[in-house]
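Biologist: Please show me the model. I have some questions about its chains.

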Amino acid sequence: MTTAEHPAQTESQTDTAVNPLTAPAPELWRDPNAKPFVVFDGITKEFGDFTAVDNISLDIYKRELFCLLGGSGSGKSTLLRMLAGFEQPTSGRILIDGVDMSGIPPWNRPVNMMFQSYALFPHLSVEKNVAFGLRREGMADGDVKRRVQEILDMVQMGHLAKRKPHQLSGGQRQRVALARSLVKRPKLLLLDEPLGALDKKLREETQFELMNIQEELGVTFIVVTHDQEEAMTLATRIGVMNQGEIVQVGEPHDIYEYPNSRFVASFIGSVNMFEGVVTVDEVDHVIIDSAEAGGLLRVDHGISCAPNQKVHVALRPEKITLSHDKPDQDVNCMFGKVEDIAYMGNMSIFRIRLANGKEVRVTQPNYARDIKGKFTWGDMVYLHWEVDSSVVLTV
Amino acid sequence: MKKLTAASLYAGKNRLMGYLARHKWGRKVVVGIPFVWLALFFFIPFVVVFKISLSESAIAIPPYTDLFSWDVEDAYATLKVNLGNFLFLLEDSYYLDAYLSSLKIAAISTVITLIIGFPMAYLIARSEPRRRMFLLAMVILPFWTSFLLRVYAWMALLKKNGPVNDVLMSIGLIDEPLRILNTDIAVYIGIVYTYLPFMILPLYAVLEKLDNSLLEAAEDLGCRPFQTFFLVTVPLAMPGIVAGCLLVFIPVVGEYVIPALLGGSDTLMIGRVLWDEFSKNRDWPMASAVATVMLVVLVVPIMLARNRMGNKEETY
Amino acid sequence: MQRRSYFLNTSALLGFIFLYLPMISLVIYSFNKSKLVTVWGGWSLQWYVELFNNDEIMSAAMLSLKIAFVAASLSVVLGVMAGFALTRMGRFRGKMVLSGWISAPLVMPDVITGLSLLLLFVTLENLFGWPSGRGAMTIIIAHTTFCMAYVAVIVQSRLTDMDESLEEAAMDLGAKPFTLFFLVTLPLIAPAIISGWLLAFTLSLDDLVIASFVAGPGNSTLPMIIFSKVRLGVTPEINALATLMILIVAIGVVAAMYQMRRREKQEIKPDA
């Protein structure tokens with residue numbers, strides 16, 4: 001998977017509509033006085049002797065598009081299913097809009113879910129699938145029709161209302177599933193791998209559409225996904241999960257640039273990791289002596305650690321610059337041989353072998369057309385980067 | 001190991017419906033009614049059979065003695081257990097022979113059914129979809145028509161002056177009509193004929209899923225068709241083979257109709273013995289003893305083996 | 001398709017001939033004018049006429065159809081409950097027992113089932129005076145007991161294959177358990193229920209051994225009549241009866257195949 005390389009670019013493409021009604025969600029999580037909309041309070045879920053979710057506490061705010069990101073078995077789906085009411089937490093509480101959800105069955109929760117498999121009822125037409133939830137509320141016929149028509153038009157499926165699910169394509173099914181889960185106007189919409197079943201191109205289009213709908217309706221979304229690129233694009237905030245725990249919560253940019261652990265750093269995007277020992281520990285910078293990197297590494301942020309503690313310096317491949325000439329710096333500089341080049345179109349990936357045998361991954365944007373020949377197989381090159389490019393990780 | 005169980009619990013079936021499970025009233029009805037029905041009409045009958053197998057035959061209605069007698073005047077209860085029926089089962093080689101002969105007939109006919117059924121299942125599974133549907137329907141059709149009538153059809157066919165003998169004589173294979181009806185041969189023919197669909201369907205189910213590229217891979221790696229068959233196809237079809245064999249073997253052991261209609265008077269099968277004890281000799285305790293032994297030595301081990309293999313292999 | 005060898009084709013062909021030879025012979029002989037199987041006396045429908053005039057066979061057939069109808073319907077109700085309990089109720093006490101009891105009748109020899117139920121009925125009658133005498137009701141009970149096992153297995157496997165998120169989705173959209181069952185689960189397992197009912201109906205209609213044990217005097221089902229008749233020799237009305245049965249089943253199978261093919265065609269239709 002090399003799709004991890006350009007989240008920073010996609011981020012800047014985000015539609016910045018200025019209509020006050022469709023303005024992006026206020027960043028409530030930065031406001032210490034804001035009241036959270038969804039609260040996980042010490043949630044643990046055990047299946048037999050397996051702990052799927054381990055003592056998670058998490059606040060999610062109104063109008064957020066929160067992504068739970070993790071590998072399979074990380075507990076992200078279980079968390080979502082507990083929110084929907086399909087599973088009961090072994091211990092802990094879930095509050096939605098201040099109401100304790102324990103003991104409230106799924107059919108009485110102000111929550112709707114879009115399923116990974118879409119779960120469209122195969123025996124009902126598109127229209128009836130969407131109307132299913134409204135009928136359960138006992139809504140009058142005319143109102144049901146109007147609401148169904150409205151929402152189907154919004155997802156551009158109005159013309160296929162009479163079809164059965166098996167007569168639809170994957171993308172169309174996804175739209176119907178979305179319409180069905182939105183039509184009841186839930187306070188909170190849960191999406192389980194919403195784009196997982198779509199092919200790459202369709203997925204990218206749908207991502208933005210999903211964000212527009214979310215902003216338009218002002219619904220709070222919680223999305224479960226294993227696709228980090230999807231999470232980076234969609235989310236206002238991301239919660240990274242591993243083995244039943246939330247290891248980091250933050251905005252996409254923070255998660256990418258300031259991972260708090262080696263797990264997060266290597267789970268999201270690709271990263272070079274150098275082990276070393278702290279030699280200088282000041283308030284504004286640290287210097288790390290790394291045998292792996294073959295030199296001194298300087299990072300311009302202080303850390304709290306014991307002297308001589310073993311730490312890791314994480315460095316994203318795109319932060320490194322390659323040059324034939326020795327750069328004018330004695331820290332953050334390495335020398336190695338180009339072993340492999342992969343031309344990706346928008347950029348090239350270099351695999352560089354240091355003298356001590358360590359392999360470093362570097363990506364360089366192809367800013368000019370004939371840049372290809374600049375570095376070639378077997379070249380000896382210098383690798384260098386700025387002091388604010390890397391992060392020190394103690395765990 | 002821990003991960004494995006966790007994963008199966010986590011992603012597995014039965015994860016949902018906590019609410020239906022907690023819906024007390026609905027739960028009681030849905031579990032309770034079939035439970036009570038089966039307890040009353042499936043489980044308790046066996047207790048009754050066992051009880052009666054311990055009593056003595058008597059000329060009365062019903063034709064057996066009571067296990068318990070209760071003398072009201074003396075407030076004296078007696079429990080009279082008669083193991084005579086079981087001892088007699090052991091003593092008289094007739095019963096043992098009948099059991100063994102049933103097992104033998106069931107085993108041989110299962111093997112024949114497998115040999116005939118496998119190529120048919122294989123052919124159906126490898127046909128193009130339209131043809132496959134048609135052939136499958138051809139296999140299922142006899143299965144839905146009356147079993148008794150199909151056995152009866154063989155009676156007519158196998159008669160001394162019936163069509164089978166006619167054909168055999170006209171092609172010069174035999175000089176005079178063979179006695180086929182009322183022999184073990186006829187029983188085998190009847191059993192194989194009746195139970196063939198039961199073998200083909202589970203075999204088809206596994207062979208249909210068999211990936212053609214596996215066979216091609218085997219050939220690519222140097223297997224001759226014959227070797228491919230025994231080294232790849234057969235091992236992969238094993239679940240179907242086992243299921244099919246069980247579906248044929250078990251009911252055949254207790255078969256009554258086929259030996260009664262096609263077999264001779266010397267065709268000994270345990271189902272027939274039980275029936276005769278019951279209806280001809282009116283010896284209900286003895287019939288019960290035969291049934292008890294059959295249950296213990298035949299059905300129970302098979303049930304246990306099946307449960308161990310897991311309920312996944314239901315082929316119905 | 002070159003993988004199919006001559007050997008395979010030939011043996012499969014022989015297999016199909018083996019399966020159909022007896023049935024074809026039944027059909028042909030049903031139109032035989034002569035009463036003797038070996039003699040061809042020309043085409044005739046007389047055995048059909050005699051069949052419909054044979055009160056014994058006709059009333060037994062009516063009884064069998066009635067029993068099969070009631071037994072199949074009862075076993076569908078009980079079998080659906082059992083299948084549902086085993087797949088959708090989570091864990092409960094006695095689940096292992098129930099699942100054992102539900103699959104046991106599938107491997108139980110008919111003679112044992114028949115004998116044990118008869119002895120139960122006799123014992124119950126002695127103790128409680130119920131059921132007084134044996135007849136259609138005891139046969140229905142017996143047939144329901146072994147047929148419900150087949151229905152339960154079919155329903156169970158259908159429910160296991162079914163995507164559970166469909167039911168979760170219904171709950172999520174506000175359907176309470178009962179609404180959920182009737183609006184989503186039941187329509188989705190309808191094909192399994194129909195085939196379960198048909199199978200139960202056929203099994204009941206076909207059963208000789210169990211019915212012989214638990215039927216009272218004067219309550220002969222069709223298989224019992226056929227059995228007693230064919231034991232005495234070949235009876236041409238039975239050929240006619242068999243032909244009619246084969247015809248009905250063939251129509252049913254063709255209709256089912258047609259239905260399936262139509263559904264398949266529908267499914268190919270979606271455009272991108």
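Biologist: What distance separates the centres of domain 1 and domain 2 of chain C?

Modeller: This is a predicted model, where local features need pLDDT of at least 70, side-chain atom pairs count only at pLDDT 80 or more, and totals for chains, interfaces and linings use all residues. Residues are numbered from 1 along each chain as its sequence is written, with chains lettered from A and ligands numbered from 1 in the order written. Domain 1 of chain C covers 24-53 + 234-272, and domain 2 covers 67-219; such bounds come from an automatic or database domain assignment. Taken over C-alpha atoms, their centres lie apart by 29 Å.

Biologist: Which element gives the most to the side of chain C that touches chain A?

Modeller: Contact here needs C-beta atoms, placed from the backbone, within 7 Å. The contact takes 19 residues from chain C and 20 residues from chain A. Two or more residues come from each of α7 (164-172) and α8 (177-206) of chain C, helices being DSSP runs (H or I, at least four residues) numbered from the N terminus. With six residues, the top contributor is α7(C).

Biologist: Which residue in β9(A) is the bridge partner of Phe66(A)?

Modeller: Strands β3 (65-70) and β9 (237-242) of chain A run parallel, joined by five bridges. In β9(A), Phe66(A) is partnered by Arg237(A).

Conventions:
Contact = placed C-beta atoms within 7 Å. Pairing = 2+ DSSP bridges.
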